[in-house]
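Please brief me on this protein model. Keep it short and sort the points by topic.

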Amino acid sequence: MTDRHGCRVGPPRDGGDFATCSRRSFVKASPAVAAALVSASPAAGAEVSARAHQPPTVDGGRVNAILADLRRFGGTSDGGTTRLAYSDDDLAGRNYAAGVMEEAGLEVSIDLAGNLIGRRAGTDPAALPIITGSHIDTVPAGGSYDGHVGSAAAIEVALTLHDHDIALRHPLEVIIFPNEEGGKTGSRALVGRVLPFELDIITASGYTIGDGTARIGGDPARIAEARREPGSVAGFFELHIEQGAFLEADGVQIGVVEGIVGIRRWNITVRGMQNHAGTTPMPQRRDALVAAADLIRDVNEVALTTPGRQVATVGRIEAVPGAPNVVPGEVRATLEIRDLEMSKIASVFAEIERRARAVEEARGVTIGLVHFYESLAAPTDPRFRDIVEASASDLGYTNVRMPSGAGHDAQSMAELGPIGMIFVPSRAGISHSPDEYSAPRDITRGTNVLLHSVLRLDAAG
Ligand SMILES: [Zn+2]
């Protein structure tokens, strides 16, 4: 059974299959969320009309209770979460999220890629949807905030609109994207980028992407049909933890994300001369590893001294033959450069290449740099940066513009329409670890900025 968006609408099934959208199969919210759901319903009419003149704010207790609830599915005793994409815990977590979406009055469905979608109608039949969401899958021994915060916040935005009976001109879609950590499968399917071979990739849960997609209610054979048309979305907002330490270090409450950095990677091969480590005099050596050391230092220096926020890394190195008594004849390494501007990556690389030629000269080696990977930068929409910034400022939150050094589902969504991203501080910048932490008040602030950004976009047309 599919709805008008080609989404597969789960029929009620016996046995409480997680992959359906039947109301009775959903895991119930904890008492904390349930109490918040009840108390948030406007009771006094006077209070409602007084509030109608000012933009509402979210229920901070409730969004943090939803986050805490999610830890029931794969939460570990060290405060972290292991909720691998397509695992039983992932299914249970998605099922729980679907239940809270229904409490928010959203029409819940699962598309052919397994995206969990909660939709709220708009008043203008011609208006394109505003989408917000994130992911709830984790890396093994991961944290309890990466992706979860943006997912809980998106649901809280829908709950707040529901509580206050606010009609938006645009439809609103809350999406939980599957398998973000294993290749952004859900969001990339929405832009038609999941290639057939990917369905055979075995994910951390042990299921292939294809089998996993079927497990969560999608249809791997028809995953290409999950694709949406570029220009079919009014805008996408994702709230996410920073996963860096800039906001915390500077004491800033909200990051207005300028974009997701582009990435280029090269294989480095340094060739010198392999020789006896005891009998080859120092002046006669053409030591590939010593030359590589020079180059690595140069990479660091170029990235450090060039104006801007680019980063460059040599993250892997191997000496050949790799024996204590042999002067290395060859070194294989990798170079990675990231920046918001692909042209900046190119200019930083050009300088590194120039340095490499100097190292060749000085050390009597040859250095090859072969490009092998590229992920294009995804700048956020300038208008959306203004919307996020104005929302944060009007709420009285300190904010700063910054790039995102990590990839996000928003990167895929940028192909469908304009995107905006909101960062909240991460303690000590730690992520993909049980020590990942963002303070409840910061999560509440971020969720308020998300709500107000949605309202502003809706009002802007
Ligand atoms: Zn994430």
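This briefing covers domains, cores, helices, a hairpin and some backbone details.

This is a predicted model: local features need pLDDT of at least 70, side-chain atom pairs count only at pLDDT 80 or more, and totals for chains, interfaces and linings use all residues. Residues are numbered from 1 along each chain as its sequence is written.

**Domains**

- The protein chain is divided into domain 1 (23-259 + 378-460) and domain 2 (262-375). These bounds come from an automatic or database domain assignment.
- The centres of domain 1 and domain 2, taken over C-alpha atoms, are 40 Å apart.
- Domain 1 gives 6 residues to the contact, and domain 2 gives 5 residues. Two residues are in contact if their C-beta atoms, placed from the backbone, lie within 7 Å.
- On the side of domain 1 that touches domain 2, 2 residues are nonpolar, 3 are polar and 1 is charged. Ala, Val, Leu, Ile, Met, Phe, Trp, Tyr, Cys and Pro count as nonpolar, Asp, Glu, Lys and Arg as charged, and the others, Gly among them, as polar.

**Nonpolar cores**

- A nonpolar core is a set of buried Ala, Val, Leu, Ile, Met, Phe, Trp, Tyr and Cys residues joined through C-beta atoms within 7 Å. A residue is buried if 20 or more other C-beta atoms lie within 10 Å of its own, exposed if 12 or fewer, and partly exposed in between; C-beta atoms are placed from the backbone.
- The largest nonpolar core has 87 residues, and Met 101, Ile 155, Ala 158 and Ile 422 touch the most other members. H5 gives the most to this core, with 9 residues.
- Not counting residues up to four places away in sequence, Ile 155 touches Ile 66, Ala 97, Val 100, Met 101, Ala 104 and Val 174.
- Another core, of 24 residues, lies apart from the largest one. Among its members are Trp 266, Ala 288, Ala 292 and Ala 356.
- In soluble globular proteins, nonpolar side chains tend to be buried together.

- Helices (H or I, at least four residues) and strands (E, at least two) are DSSP runs, numbered from the N terminus.
- Helix H3 (residues 60-70) is mostly covered, with 8 of its 11 residues buried. Ile 66 and Asp 69 are among the buried ones.
- Helix H4 (residues 88-103) has 16 residues. H4 reaches 23 Å from its first C-alpha to its last, close to the expected 22 Å. The expected span is 1.5 Å times one less than the number of residues.
- Buried residues of H4 include Ala 97, Val 100 and Met 101.
- Gly 105 follows H4 and has a positive phi, near 80°.

**A hairpin**

- Strand E1 (residues 107-110) and strand E2 (residues 116-120) pair in the antiparallel sense over 4 bridges. Two strands pair if DSSP finds at least two bridges between them.
- Ile 110 has Leu 116 in E2 as its bridge partner.
- The hairpin has 5 residues between the strands, and Gly 114 takes a positive phi near 90°.

**Backbone details in loops**

- Ala 141 is not a glycine, yet its phi is positive, near 55°. Ala 141 sits in the loop between strand E3 (130-134) and helix H5 (148-163). Ala 141 counts as partly exposed because it has 13 C-beta neighbours inside 10 Å.
- Lys 184 has a positive phi of about 50°, although it is not a glycine. Lys 184 counts as buried because it has 24 C-beta neighbours inside 10 Å.
- The peptide bond from Val 320 to Pro 321 is cis, with omega near 5°. Pro 321 lies in the loop between strand E10 (317-320) and strand E11 (326-327).
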